[in-house]
Amino acid sequence: LSELFATFADVRLKFTVVNFTQVSLTGVKVELFEISVMRFYYREKELVLLEKVRQVSFSVHSQMTVLTGRRRIGKTSLILKSCENTPTVYLFVSRGNETMLCNQFAQVASRELNTFISPDISSFSNLFETLMGIGRNMSYNLIIDEFQEFFYINETVYSQMQDIWDRYKDTTHVNLIASGSVYTLMHRIFMDYKEPLYGRCDSVMKLRPFETTILKEILSDHKPNYTNEDLLALYTFTGGVPKYIENFIDNGCMSVDEMIDFMMLPDSMFQNEGKTLLIQEFGKKYGNYFAILSAIANGDNTIPKLNDTTGETTVTGHLKRLEEDYELITKKRPIFAKDGTQTVRFEISDLFLRFWFRYFTKYNDLIETGNLELLGKIIKDDYPTYSGLTLEMYFRQKMAESKEFRNIGSWWQTKKEKIPCEIDIVGIYADDKHALVAEVKRQRKNFKPTEFREKVETIRTKILSKYEIDSRCLSMDDM
């Protein structure tokens, strides 16, 4: 058993004990555990890129990589996986006193590099110069996690690092990886030409949620007889974010009801997750952004409706920042519509946040009063309708992952048209000669072929006259 658990510790696998039995062996009590492990999935391309960068830094000269992505997306797991079996110093930047932080960092670096570093170092610039100097005699990985937090501890760290990096990078062998969850700050630190570290990074990576094929693989590994309803629920509630998936899998929650019941537990991370995630990005001005995101999640997705719902006179400016700076919403226009068209709808691009605002924000009073059972019932009752909307996003994502399409969107006629017509999905194939026109229904029995054929003829006349059209109903059977 000691060898078994040592193996787990060496490869940094997380495991959950789901059952154990006590037996007696020659007078010694032994506990036998049944262990459920969620293995490391996907990220092959990212691992290949990180490996190439590491080889350059170890054999030629130091390299700086910037890795960003939302909270819970798996940045730390990916970095540690890429650095397995090579000397690595991992430093996590938490807000606090710079001197105390550097004392801790010095101890970590001394232990991992098997060299003496004075614990009396009180500034990160001095510590960083020491670490870069060590890179003259040995090759190693230096990971600085939540790198943007120096902005609140000592903003001059970035200009000091610039000077040290410029002086040492060509004569050392340090694979420096700076990781951060607050996208706006990380973008500013490394991409704003006014900032000292602008132009210093050799590679920039932004980690995305898991693709639909990976969700299927995860479910297949842990529930071989999973249903498409299970798959849709996992997609709806997690949006492919690894940490949320891990929470469900580790706790044996792989059906709609099990996932909802788990989120309704009093200590569930899901209930405050959206607020924690977004306050990091928005800071003290989060109130206006929360109101807009909540309105979009509940169907008020046009500028006139958002103006009415939020009472905001500056909603256009907030929407622009939510789209361009924070990348939390996207514009939906009828396919082939010009950028300047006023026929615009907004949707929350992060599926978990879309769900969180729809239920955890809207029914926050139930959370505050501890009436989680009622909230769970509301979500379960509304799930068939809500997941039908998510299913459309699933198919759009699946089409994008196939690489068969050059353009994917929806189409609808403006209110000026006499006959309303709305198409859920329109995909233009790569050859620009064929088009897919699809209506999405959870259950195929609810599909009305005659009505759909009329819609297909309308869109053919309006914008698809030069395309050969493949029209179909997409249901849960096609997931």
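Predicted model: local features only at pLDDT ≥ 70, side-chain atom pairs only at ≥ 80, totals over all residues.
Helix α4, which spans residues 98–113, packs against helix α5, comprising residues 124–134, at an angle of about 15°, and the two axes lie 9 Å apart. Because angles under 35 degrees count as roughly parallel, α4 and α5 are assigned to that category. The crossing of these two helices is left-handed. On the α4 side, the contact is made by Glu98, Cys102, Phe105, Ala106, Ala109 and Leu113, while α5 contributes Phe124, Leu127, Leu131 and Ile134. Nine residues of this contact are nonpolar and one is charged, with no polar residue taking part.

In the second pair, helix α9 (residues 212–222) meets helix α19 (residues 372–402) at an angle of about 105°, with their axes 9 Å apart. This angle makes α9 roughly perpendicular to α19, since the range counted as such runs from 65 to 115 degrees. Thr212, Thr213 and Lys216 of α9 make the contact with Tyr394, Gln397, Lys398 and Glu401 of α19. By class, the contact of α9 with α19 consists of three polar, three charged and one nonpolar residues, whereas that of α4 with α5 has nine nonpolar, no polar and one charged residues.

Notes
Residues numbered from 1 in each chain as written. Heavy atoms only, no water. Axes fitted to C-alpha atoms, helices over the stretch in contact; angles between N-to-C directions. Helix = DSSP H or I, 4+ residues; strand = E, 2+ residues; numbered from the N terminus. Parallel < 35°, antiparallel > 145°, perpendicular 65-115°, else oblique. Left-handed = near helix turned anticlockwise from the far one by under 90°. Contact = heavy atoms within 4.5 Å. Nonpolar A, V, L, I, M, F, W, Y, C, P; charged D, E, K, R; others polar.
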